[in-house]
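Please look over the model shown here before reading the briefing that follows. The points are grouped by topic.

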Amino acid sequence: MKCKVCLIAVVGISLLLTAGCKKSDNSGTSVLEIRLTDAPANYEEVLVDIRDVQVESEDGWKSLDVNQGVYNLLDFRNGLDTLLGTIEIPAGRISQVRLVLGENNQVRTTDGLFDLQTPSAQQSGLKLNINAELTAGIVYKLWIDFDAARSVVDKGNGGFILKPVIRAYTEVQGGAIAGTVSPAESMPVITAISNGDTLSTLAAEDGNFILRAVPTGTWSVEFKPVSPFIADTVNGVEVQSGMVTEMDTVDLR
């Protein structure tokens, strides 16, 4: 199957962060935006209570101007995201980001709405290593990818635990794989596999899908639809850094 490649409209400033073209008023500071996105899961809702986002710079930990609240992670799948907050900090190195959760975390399944136990997230927060250099006068964008499917653990007794699996990335770290499945009602789980690495998503209601921050290389993409549609695998999907590989429509009939 043929693939076509097009440019991602984001320019890389470092290995971990992308920069916008808006400049800060203070030439000695940088502005950091942190955005939330999600790897989809087979739940009705995954509700996460975000209370604070902090960045560790050379001056210590600082909190962003955060949009606090309960976020449904499933609202941000297949390339969608939302702005969690921004911060203006002195230019220089940042080492970590900390995500602090509140107590109102829940998951909705076909059986109802259940509380999510969060063993340690509320106290110390969830730390992500960044280690990047910020240049003065630049707005940087960092995405937090919250893997809902792997983060919600079914205890098997009617209860659930939230053990967050999170990665931070920008589009410049790798490429992306995008495409369309037909018919849309086949609702496949889409998994890209290469040398032991596995990334997955679900097609949107219109059949479109996108896998973001895919490392450079050759990938096999598996499509596992609901019954009675037929599974398929596309081999040899080439991914390049800073590029979107657009696959031909995959027919699962």
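Where is the place of Ile230? In this predicted model, Ile230 falls in the loop that links strand 21 (217-224) to strand 22 (232-239). The protein chain as a whole has two helices and 24 strands, and 49% of its 253 residues count as buried.

**Overall make-up**

- Among the contacts in the protein chain with a separation of 6 or more, 72% are made by residues 24 or more positions apart.
- The accessible surface of the protein chain is about 12,200 Å², and carbon and sulfur atoms account for 46% of that surface.

**Nonpolar cores**

- In soluble globular proteins, nonpolar side chains tend to be buried together.
- The largest nonpolar core contains 38 residues, and Ile34, Leu36, Ile50, Val53, Val55 and Leu99 are those with the most contacts inside it.
- At least two residues of this core come from each of strand 3 (29-39), strand 4, strand 8 (82-90), strand 9 (92-101), strand 12 (126-134), strand 13 (139-147) and strand 15 (160-162).
- Once residues up to four places away in sequence are set aside, Val55 touches Leu32, Ile34, Gly60, Trp61, Lys62, Leu64, Ile87, Ile89, Ile94, Gln96 and Val97.

- Ser57 belongs to strand 4 (residues 45-57), and because its relative accessible area is 13%, under the 20% cut-off, Ser57 counts as buried.
- Apart from neighbours within four places in sequence, the contacts of Ser57 are with Lys62, Arg93 and Ile94.
- Glu88 is placed in strand 8, and its relative accessibility of 46% makes Glu88 partly exposed.
- Although Glu88 and Glu33 are 55 residues apart along the chain, their C-alpha atoms are separated by 9.1 Å.

- Ile230 is in contact with Pro225, Leu252 and Arg253, leaving aside its neighbours within four places in sequence.
- The C-alpha atoms of Ile230 and Ser186 are 8.6 Å apart in space, while the two residues are 44 residues apart in sequence.

**Backbone geometry in other loops**

- Most residues other than glycine have a negative phi, and most peptide bonds are trans.
- The peptide bond from Ser182 to Pro183 is cis, with omega near -5°, and Pro183 is found in the loop between strand 17 (175-182) and strand 18 (189-194).
- Met187 lies in the loop between strand 17 and strand 18, where its phi is near 45°, a positive value in a residue other than glycine.
- With a relative accessibility of 54%, Met187 counts as exposed.
- Asn195, in the loop between strand 18 and strand 19 (197-202), is not a glycine and yet has a positive phi of about 50°.
- The relative accessible area of Asn195 is 79%, so this residue is exposed.

**The second largest pocket**

- The volume of the second largest pocket is about 320 Å³.
- Its lining consists of 13 residues, and those that lie nearest its centre are Asn42, Arg77, Met187, Leu202 and Ala203.
- By class, the lining of the second largest pocket comprises eight nonpolar residues, one polar and four charged.

Technical notes:
Residues are numbered from 1 along each chain as its sequence is written. This is a predicted model: local features need pLDDT of at least 70, side-chain atom pairs count only at pLDDT 80 or more; totals for chains, interfaces and linings use all residues. Side-chain values use heavy atoms; hydrogens and water are left out. Helices (H or I, at least four residues) and strands (E, at least two) are DSSP runs, numbered from the N terminus. Buried means under 20% relative accessible area, exposed over 50%, partly exposed in between (1.4 Å probe, protein chains only). Contact means heavy atoms within 4.5 Å. Accessible areas come from the Shrake-Rupley method with a 1.4 Å probe; for residues, only the protein chains shown count as cover. A nonpolar core is a set of buried Ala, Val, Leu, Ile, Met, Phe, Trp, Tyr and Cys residues joined through side-chain atoms within 4.5 Å. On a 1 Å grid over the protein atoms alone, a cavity is a set of points where a 1.4 Å probe fits but cannot get out, and a pocket is an open set with protein on both sides within 12 Å along at least five of seven lines; lining residues have an atom within 4 Å of a point. Grid points are joined across faces, edges and corners, and a volume is the space filled by probe spheres set on the points. Ala, Val, Leu, Ile, Met, Phe, Trp, Tyr, Cys and Pro count as nonpolar, Asp, Glu, Lys and Arg as charged, and the others, Gly among them, as polar.
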